[in-house]
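Work through the exercises below with the structure open. Try each task before you read its solution.

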Amino acid sequence: MLKPAKSKNKKRPISDLVKRAKHQIKVLRGKKHSLQFRFSSSDHPLIALGTEYGGWTFVDDDDLKGSVIISAGLGEDASFDVAFANRYGAKVIIVDPTPRAVVHFEQISDRFGLPSSQSFNSTGQQDPAAYELSEIDTSKLILVKKALWNAVTSVRFYEPKDKKNVSHSISNFQNEYSKETDYIDVPAIDMISMLDEMGVDLSQVKLVKLDIEGAEIEVIRHMLSKDFYPKQILLEIDELNFPSKVAYGRATEVSTLLKKRGYKVVWSDGRANFLFYRKQ
């Protein structure tokens with residue numbers, strides 16, 4: 001809470017305090033976190049797959065062919081997941097319990113084996129007919145209807161501030177980390193337990209994509225504590241889109257954790273999306 005400056009004569013007018021508060025908010029929002037810079041490494045063959053809304057940039061490594069990847073956070077745009085499975089013949093494990101995301105995946109799975117019949121749009125809410133699914137089946141695209149977390153448990157999944165949006169959040173950063181806004185209860189699982197249940201060896205997983213609305217730090221902290229080091233981590237630090245001391249602190253923590261384990265940033269969009277790469 002802002003306190004008025006001491007004065008020998010009288011208290012500072014409320015209007016001055018409001019102006020000061022607005023100025024501090026403006027400065028904070030204009031501030032760049034140390035991670036927020038546009039960067040693209042020329043030392044790695046980068047490739048981008050998916051729509052502008054749902055697409056991701058990563059390193060086009062040979063070991064991605066026939067690999068397993070984890071893609072946490074689906075929403076209503078699976079353009080990256082489908083394109084990745086098609087290009088590399090990979091198994092894509094999608095993790096998302098959001099009701100609308102589950103419905104979207106079911107609509108996609110109903111079209112397995114069919115070609116695309118229309119173009120993608122720019123809204124982030126794709127028509128299932130836009131996906132190229134001729135070579136896709138249940139062995140290539142799998143949905144786990146749970147929240148990715150640091151334990152096998154049940155969590156509160158807070159609804160977005162704008163009800164038109166699809167993404168829910170465990171941390172509820174969109175509502176200033178409040179515990180009082182609307183939520184649904186969903187089952188949660190940690191990455192190691194999930195892979196063990198599916199019979200997937202950790203060495204098979206070459207890439208992990210985390211777009212999980214503020215739960216990234218807890219998931220990465222747990223993942224690294226179990227000595228699980230996928231070569232590529234595609235990370236959206238959603239909290240950087242809502243600047244605050246808490247957001248910057250959590251972003252610093254996750255980047256520090258990864259760098260200590262040998263990861264480095266080889267691509268960033270200058271906002272909240274990052275590609276961390278670790279030489280094996």
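A helix here is a DSSP run of H or I with at least four residues, and helices are numbered from the N terminus. The model is predicted.

**Exercise 1.** Find where Phe 80 and Phe 84 lie, and how many residues apart they are.

Solution. Start with helix H2, which covers residues 79–88. Both Phe 80 and Phe 84 lie in it. They are four residues apart, about one turn of the helix.

**Exercise 2.** Decide whether Phe 80 and Phe 84 are buried or exposed.

Solution. Buried means under 20% relative accessible area. Phe 80 has 1%, so Phe 80 is buried. Phe 84 has 0%, so Phe 84 is buried too.

**Exercise 3.** Classify the ring pair of Phe 84 and Tyr 88 as stacked, edge-to-face or tilted.

Solution. First, the distance: the ring centres are 4.7 Å apart. Rings pair if their centres lie within 6.5 Å. Next, the angle: the planes stand at 40 degrees. Planes under 30 degrees apart count as stacked and over 60 as edge-to-face, so this pair is tilted. Now place the residues. Phe 84 and Tyr 88 both lie in helix H2, four residues apart. Tyr 88 is buried, as is Phe 84.

**Exercise 4.** Over the faces of which rings does Arg 278 lie?

Solution. Take Tyr 229: Arg 278 lies over its face, at 4.4 Å from the ring centre. Then take Tyr 263: Arg 278 lies over that face at 5.9 Å from the ring centre.

How values were computed: Residues are numbered from 1 along each chain as its sequence is written. This is a predicted model: local features need pLDDT of at least 70, side-chain atom pairs count only at pLDDT 80 or more; totals for chains, interfaces and linings use all residues. Side-chain values use heavy atoms; hydrogens and water are left out. Helices (H or I, at least four residues) and strands (E, at least two) are DSSP runs, numbered from the N terminus. Buried means under 20% relative accessible area, exposed over 50%, partly exposed in between (1.4 Å probe, protein chains only). Rings of Phe, Tyr and Trp (its six-membered ring) pair if their centres lie within 6.5 Å; planes under 30 degrees apart count as stacked, over 60 as edge-to-face and the rest as tilted. A charge sits over a ring if NZ of Lys or CZ of Arg is within 6 Å of the ring centre and within 35 degrees of the ring normal.
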